[in-house]
Every structure is written in C-alpha cells, then in structure tokens.
Amino acid sequence: VLWMGNGVPVCTATENQNKLRIISDGEGGVIITWQDIRRGSGNYDIYAQRIDKEGKPRWAENGVAVCTEVNAQNSPCIATDGSGGAIVIWQDLRTNYADLYAQRISKDGEMLWAIDGVLICGTSGAQSAPVAVDDGAGGVIVVWQDFRRSYADIYAQRVDGSGKILWDKNGVAVCTASGHESFPVIISNKAEGAVIAWIDTRNGNNDVFSQQLDGNGAIHWKENGVAVSIAKGNQNYPVITSDGAGGAYIAWSDMRSGESDIYIQRIDIAGNALWIEDGWGICTEIGIQNYVNIDNDGAGGVSLVWNDSRKSTFFDVYAQWIDQKGQLRWSDKGLAVSTASDTQCYPVITNDGIGRAVISWQDARNKDNSYWDIYAQKVNEKGSLGQ
C-alpha cells in the first residue's frame, strides 16, 4: 500500500457522494468523477477530482464542480481526453427530462467546454445509463439506453475534443429491435470506432447482442447487432474487453441451466462468434456464479473474476485466465482467489500484460454486518496467489 493507511480522501464534503467512476491520468494517478448532493435539496450535481501518483489531490478541495445546473445531474461516466485530462458524460434533468450532457476537464482541472456542459442528446424520451470510451483522437464515443420510442433502444454519439458533435444530432441507432435493449457496455476498436454489447429482449427473454461502429458512426455488422448468446433462459449484465485484434471478449451471467453461471464468447473484427454457439460455460459449478468482471491480458487473452457460492450460501471470489489460443490457464473449475469466512463479492480485475492479475473486492470476513472492507490479491501467471 503506497498511500495513506485506509485510503486517501477524494471528497469529504457534506451529504452523499456516490456512483464514482475512475480512469488513469496517464501519469501514475487517477481522475475520478461522481454524483454529489453537497448543495442539498436532494438534487445531485457532478464533481471530479484528480489524485496524483503520490496520493495527493491536484484540483480543488473536495473536487471541482463539473455541472451544478438546476435539478439533478447523475450517473456520470468518464473517458480520457488523451492529454492528461478527462471527458465526463452524465444524465441531466435541467429541463425536467433526462438528457445527456458532457464536459471536458484539463489535467489542471479547468473546464474546457461550455459552462455546465454541452448537450449530447436532448431528443424526446429519456436518455440514460451512458457509458463512454475515448476515440483515440482526443474525443469520446458515448453509448446509452434511449426511450425516444415506447421501449428502450441503444444509441451512440461521437464528440471531438472541442465538444463538437460528429454524428447525427440525436445520435446514431445501434439497435432499435423490438423489445427492450439495455445495460450497454463499450470498448474502443482502436480505429476511432467502438464495439458495443447489451442485454436484448427481442426474443422474449434476456439475450446478449453486439455491434461495431466505425469512426463515422456507420454500423459494420448485422443490422440491430449480432447475437452473442440467444440460449434459453436469461443472459444478463454483459461485460466486454478487447481481444487485441479488433474484436472483443464478452462475458455475462447466464441462467440457461436454471442457476446463474458464467459464460463467455469471442467476437472477431467481422462480427463472427469464434467459440461455441451461444457461448462457452467458463464456470458452471453448483450454486450461483454471477457479477463477472473482465480484462484483457495485453497478449490476446482474457481474465475473468466473479462471485461464486459453490461452497456455501456465502459468496467467494473465483477467477479464470484464457490465453489467446482459447485454453484455460488456471484451474478448470476456476481459481479460488478468496474463500475467507462470510461474504466476498463484487470483484474487479486488472492485468499487468504478462498473465498476472490484481483482483479486489468487498469483504465481510470481519463479522461487522454494518460495514464492508476492501481486500485485494495478486495472482501470478501460473494461477498461484502472490508474486
């Protein structure tokens, strides 16, 4: 642990700060954004802070105000601007309707676009659940759940580094199939476009679909997306990471067996599924496996971590590494990262590029049911805990 014991404070202003999102600042530190009700009246605003590699705040105490317009601003997401700063996008109710706004912040904490942000999408219906990725050219691609019709669709927009809208005024349609499309996730395709996945109910239950957009906002795969998994039962809460070759690994929680398991699929640059139809069951042990998190290993492979109740009614943390050839590198049934007493859950993972991973999670082993603690573990390339 390199910073203060029990963590350095990012914001300790009055009232609640939550739904934070975080990126690297490119210099060993981080930029964090969150929704904040320090001004009272229950209406959230958007704030941000940069913490340097020494654990010191670089911007105003308790963060800089990104947007403090009337009514609520919430659900922020964040992407790098490629110059040490960040672009923040959020859901905004200043007109009493849910629209999307964005702001670019310099590395020094200066707001670079219009005060309280530029409009990303303000069409009819609600625009919600934004996610974003940098476009590799100083701007971002934003994807969201859109209710301009009577049910949810998926739309996207690209914004350049000056805050200019580059695609259709109210966004390009990623998927407008029947039923609801929701919970989008996004990665860069490394060519000023993006690969997107989402939950899709066009077939009467929750499936997972995916689409690629190029830098001009044109779709490159089948209209309304390619099927990642349309197996029986529900496929929920997809996560996505690059495969290093223009495609993506997509994983999700899967109910085809009647219990929640972990499945994964690899989609190539042309939108073809490369593994078994409807996905590969990475963990189908007894009990519940859910809340999967994912990261590429920097060498064409992928690591996954998830909640797992195979041993008891409490969750533990398990993980798996799949190399670029599609081979399991750790235990066939998943590597036990933490099976401490009580519950370990909501794990996240990051990799160092040579098969080693750092996994962190919230943990109830200390038996105080009022509070959670945070733990972390290193896993080496052989699947052993530690260095």
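**Entry 1**

I looked up Met 4 and found it in the segment before strand 1 (17-24); strands are DSSP runs of E with at least two residues, numbered from the N terminus. The model is predicted, so I noted that local features need pLDDT of at least 70, that side-chain atom pairs count only at pLDDT 80 or more, and that totals for chains, interfaces and linings use all residues. Residues are numbered from 1 along each chain as its sequence is written, and side-chain values use heavy atoms, with hydrogens and water left out.

I then recorded that Met 4 forms a nonpolar surface patch with Leu 2 and Trp 3, with about 380 Å² of accessible area together. Such a patch takes residues with over 30% relative accessible area and no salt bridge, and joins nonpolar side chains (Val, Leu, Ile, Met, Phe, Trp, Tyr) within 5 Å, or like charges within 9 Å. Accessible areas come from the Shrake-Rupley method with a 1.4 Å probe, and for residues only the protein chains shown count as cover.

**Entry 1: Ser 210**

I located Ser 210 in strand 15 (residues 207-213). Beyond its neighbours within four places in sequence, Ser 210 is in contact (heavy atoms within 4.5 Å) with several residues, among them Val 195, Trp 198, Trp 221 and Ile 250.

**Entry 2: Ser 128**

I found Ser 128 in strand 9 (residues 127-134). Ser 128 has a relative accessible area of 13% and therefore counts as buried. Not counting residues up to four places away in sequence, Ser 128 touches Gln 91, Trp 144, Gln 145 and Phe 147.

**Entry 3: Lys 107**

I placed Lys 107 in the loop between strand 7 (99-105) and strand 8 (118-121). Its relative accessibility is 31%, so I listed Lys 107 as partly exposed. Which residues does Lys 107 touch, leaving out those up to four places away in sequence? I noted Glu 27, Arg 50, Trp 59, Ser 83, Gly 84 and Gly 85. The side chains of Lys 107 and Glu 27 are joined by a polar contact of 2.9 Å. A polar contact is a pair of N or O atoms within 3.5 Å; within protein, one must be able to donate a hydrogen and the other to accept it, and residues adjacent in sequence count only if both atoms are side-chain atoms.

**Entry 4: Salt bridges**

Side chains of opposite charge can pair when their charged atoms come close. I used the rule that a side-chain nitrogen of Lys or Arg lies within 4 Å of a carboxyl oxygen of Asp or Glu, and the count came to 18 salt bridges. Asp 25, Glu 27, Arg 50 and Lys 107 are linked in a network of them.

I also recorded the salt bridge of Arg 104 with Asp 81, whose closest N and O atoms are 3.0 Å apart. This pair links distant parts of the chain, 23 residues apart: Arg 104 is in strand 7, and Asp 81 is in the loop between strand 5 (73-80) and strand 6 (86-92). Both Arg 104 and Asp 81 are buried.

Notes:
Helix = DSSP H or I, 4+ residues; strand = E, 2+ residues; numbered from the N terminus. Buried < 20%, exposed > 50% of the residue type's maximum accessible area, 1.4 Å probe, protein only.
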